[in-house]
Amino acid sequence: MHPIIKSLRDLHYLAESFTLGSQGDSEDFLYTSFTYFDADDHAYFGKIQKRKLEMSLEEVSSALTLIPHEEIYPVLTESEASLSAAPDNLNLAPTAELKGVYIKRPPIKDYDWYKEEDCLSIIPATLLEEAAALQHICQHGQHPNLIKFHGCRVRRGRITGLMLDGYEYNFREFLTEGKTVNKERFLTGLESAIRHLHLLGLAHNDINPGNIMVDEARGEPVLVDFGSCHKIGAKLTASRGTPGWTEDGDDYTTSKESHDISALDKIRLWLDKPVFR
């Protein structure tokens, strides 16, 4: 049975795909893909060969296909880390009632590609790796410039999401809105977060403006997205940095402190003349 979508805003993800030209620019339209999570954390994926403004809600609802839990949700006890569920007031609360909390879901926007390539195991593994990294970090005290992890959202014995503090804007979005920060204060906070990670023996490996949220009340950065975060010297897995923000000349096969220092330097230069793509 398909879920009933009443608004495109109900979707977790919605994007159009295009062929790429020789210069990396978009050319012909291919399809619109979308994902949806219901109140019981059942996940759905859909794809339609229409532009998103041309799709009816009935077409979207009919195109959504239920994804088996075992394909995307890891079992809570599978990790070597002692992962724990978030407190009941967060874990058991309906999504619509959560205030100031963001649920990071498994990366299912490319579900069809993972399935075609017979590598669906990457999806739950990625979520599990990030949960383990966040759990390790929070066990050493809450740093003010690192995202607060409340624990795992758990349904039917499986991790269906990571429960984090929520913020309205990432750094790129914040500046695009015409808002400003105290550059030196902001960079000092980001550098403090990086050094804290390194003292814990970890490197983030994917620092860029999209992975930095802005705490407007404090005017401070909050580093997020720990899908690439691994122990220094460990092999990197599916997530390996973001093009344009990686360390020059590095193949990103190993977790390194220098990845984060290089990204900090790039952000420092970018802030002098931000470019929004």
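**View 1. Buried positions of helix α5.** In α5, the buried residues (under 20% relative accessible area, with exposed over 50% and partly exposed in between; 1.4 Å probe, protein chains only) are I123, P124, T126, L127, L128, E130, A131, A133, L134, Q135 and I137. The model is predicted: local features need pLDDT of at least 70, side-chain atom pairs count only at pLDDT 80 or more, and totals for chains, interfaces and linings use all residues. Residues are numbered from 1 along each chain as its sequence is written, and side-chain values use heavy atoms, leaving out hydrogens and water. Helix α5 covers residues 122-138. Helices (H or I, at least four residues) and strands (E, at least two) are DSSP runs, numbered from the N terminus.

**View 2. The open sheet.** Three strands line up as β5-β7-β6, with antiparallel pairing. Pairing requires at least two DSSP bridges between two strands. β5 (101-104) and β6 are edge strands with a single partner each, so one side of each has no neighbour in the sheet. β5 and β7 share 4 bridges. K104 stands opposite L162 in β7.

**View 3. The β6-β7 hairpin.** Strands β6 and β7 (residues 158-165) run antiparallel, joined by 6 bridges. V154 faces I159 of β7. The hairpin leaves 2 residues between the strands, and R156 in the turn has a positive phi of about 55°. In β6 (residues 149-155), 6 of 7 residues are buried.

**View 4. Helix on sheet.** α5 lies across β5, β6 and β7, where contact means heavy atoms within 4.5 Å. The helix runs at about 45° to β7. Axes are lines fitted to C-alpha atoms, for helices over the stretch in contact, and angles run from 0 to 180 degrees between N-to-C directions.

Definitions and conventions:
Expected span 1.5 Å × (residues − 1).
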